[in-house]
Every structure is written in structure tokens, then in C-alpha cells.
Amino acid sequence: MKVVIQRVSKASVTIEGEKTADINRGLLILQGIENEDDETDIEWLSNKIIQLRIFNDEEGKMNKSVQDIQGDIIVVSQFTLYASTKKGNRPSYIRAARPEVAIPLYEKFVKSLSDKLGKPVQTGKFGADMKVELLNDGPVTIIIDSKNRE
């Protein structure tokens, strides 16, 4: 499981002209799922994200988590995180999990984050054409791969 985490001052998702997610201070998470992913990836990654200290404390140091600041989260499914550009100019998405595998894992990931955060996590819609807007704060952007637990 791969995520791109962006610390935001605000973010939103619009689908077919309707805003389906809208937050102020918090995290916008783009999530890619591959066939080998399972619930252990969800548990490890959701714990890591909730505890990730990337918000400034009173001294301006990144020392607080999204939970500490009572921030919000949006999770957007993003199969293109598993694009392979090794051959040719058209990306291959063969590593990305098919919907029948990815959707249940995506939903469990959102629930796990929500449970740990103590409030609902907003989402896009799996497989939809989404317009994602964000104001990256910092900018702070972090990429985490649950298969490479550095």
C-alpha cells in the first residue's frame, strides 16, 4: 500500500460538480493499493499516519500529529500511484489491485483511520473522476510504502 500524504490548510473533492469532501487543517491522503496488500498493511499504515508528527508546535517545530491538532483527513483512491513507466511512454498499472480487491481494503483503511482519529474521515469515491483541490501547507508532502517500512 502506497500513500502520498499532504499537510493541508484546506482540501476538497468534487465529483460531477458536487463537493463530496471538504476540510480545513489536516491531511489529504492519496492511497494506492496493490494485490499483495492486506489488513496488516492497513494497521501499520493507519497507525503511522495518525502518529506522524508533521504539524508545527508552539515553537514552529514539526512536533504534532493530525490527532494532536484535532485535524481532519480526506482519503482519495489513487491507483496511478502504482504506475510503471519502465517501458514506453504509456504507464502500465498492472501492479494496482483490481476493484474487487482494492475497494474492501480502501474502505477498511478509511475506517481504521477514522477509528484512530476519533471522528469521521472524508473520502472521494472509488473509481470516480474526481477534482481534488488542496492548499499544501509548508509544503509538506510525504510518501510512505507499507512494503518498505523505513
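A residue counts as exposed when its relative accessible area is over 50%, and as buried when that area is under 20%. These terms are used in the legends below, which describe a predicted model.

**Figure 1. Overall fold of the predicted model, with two helices and eight strands.** Read from the N terminus, the elements follow the order β-β-β-α-β-β-β-α-β-β. The C-alpha trace spans about 50 × 40 × 30 Å along its principal axes. The radius of gyration is 15 Å, which agrees with the value near 15 Å that a compact globule of 150 residues would have. Buried residues account for 41% of the 150 residues. Of the contacts between residues at least 6 apart in sequence, 73% join residues at least 24 apart.

**Figure 2. Surface and charges of the protein.** The protein exposes about 8,700 Å², and 46% of this area is supplied by carbon and sulfur atoms. There are 22 positive and 23 negative side chains. The centres of these two sets lie 4 Å apart.

**Figure 3. The largest nonpolar core, with 28 residues.** Ile29, Ile73 and Phe109 are the residues with the most contacts inside this core. Two or more residues come from each of strand 1 (2-15), strand 3 (26-32), helix 1 (39-51), strand 6 (72-77), helix 2 (99-117) and strand 8 (130-145). Helix 2 gives the most, with seven residues. A second, separate core has 12 residues, among them Ala11, Ile15, Ile23 and Val76.

Figure 4. Neighbours within four places in sequence are left aside for both residues. Ile29 is in contact with Val3, Val4 and Ile5, with Ile49, with Ile73, Ile74, Val75 and Val76, and with Phe109 and Leu113. Gln31 is placed in strand 3. With a relative accessible area of 1%, Gln31 is buried. The contacts of Gln31 include Met1, Lys2 and Val3, and also Val75, Val76, Ser77, Gln78 and Leu81. Tyr106 and Phe109 are in contact with Gln31 as well.

**Figure 5. Phe55, a residue of strand 4 (residues 55-56).** Phe55 counts as buried because its relative accessibility is 1%. Phe55 and Val140 are 85 residues apart along the chain, and their C-alpha atoms are separated by 9.2 Å.

**Figure 6. The cis peptide bond between Gly138 and Pro139.** Omega of this bond is about 0 degrees. Pro139 belongs to strand 8. For context, most peptide bonds are trans.

Figure 7. Most residues other than glycine have a negative phi. Glu16 is placed in the loop between strand 1 and strand 2 (18-23). Its relative accessible area is 82%, so Glu16 is exposed. Gln70 is placed in the loop between strand 5 (62-64) and strand 6. At a relative accessible area of 67%, over the 50% cut-off, Gln70 is exposed.

**Figure 8. Thr40 and Ser146, a pair 106 residues apart along the chain.** The C-alpha atoms of Thr40 and Ser146 are separated by 9.1 Å. Thr40 is found in helix 1. Thr40 counts as exposed because its relative accessibility is 52%.

**Figure 9. Lys125, in the loop between strand 7 (122-123) and strand 8.** Lys125 counts as exposed, at 54% relative accessibility. Leaving aside neighbours within four places in sequence, Lys125 is in contact with Ile15, Ser77 and Met130. Ile15 is also one of the residues of the second core. Lys125 and Ala21 are 104 residues apart in sequence, and 9.8 Å lies between their C-alpha positions.

Definitions and conventions:
Residues are numbered from 1 along each chain as its sequence is written. This is a predicted model: local features need pLDDT of at least 70, side-chain atom pairs count only at pLDDT 80 or more; totals for chains, interfaces and linings use all residues. Side-chain values use heavy atoms; hydrogens and water are left out. Helices (H or I, at least four residues) and strands (E, at least two) are DSSP runs, numbered from the N terminus. The radius of gyration is taken over C-alpha atoms; the globule rule is 2.2 Å times the number of residues to the power 0.38. Buried means under 20% relative accessible area, exposed over 50%, partly exposed in between (1.4 Å probe, protein chains only). Contact means heavy atoms within 4.5 Å. Accessible areas come from the Shrake-Rupley method with a 1.4 Å probe; for residues, only the protein chains shown count as cover. Lys and Arg count as positive and Asp and Glu as negative; His and the chain ends are not counted. The place of a charge is taken as NZ of Lys, CZ of Arg, CG of Asp or CD of Glu. A nonpolar core is a set of buried Ala, Val, Leu, Ile, Met, Phe, Trp, Tyr and Cys residues joined through side-chain atoms within 4.5 Å.
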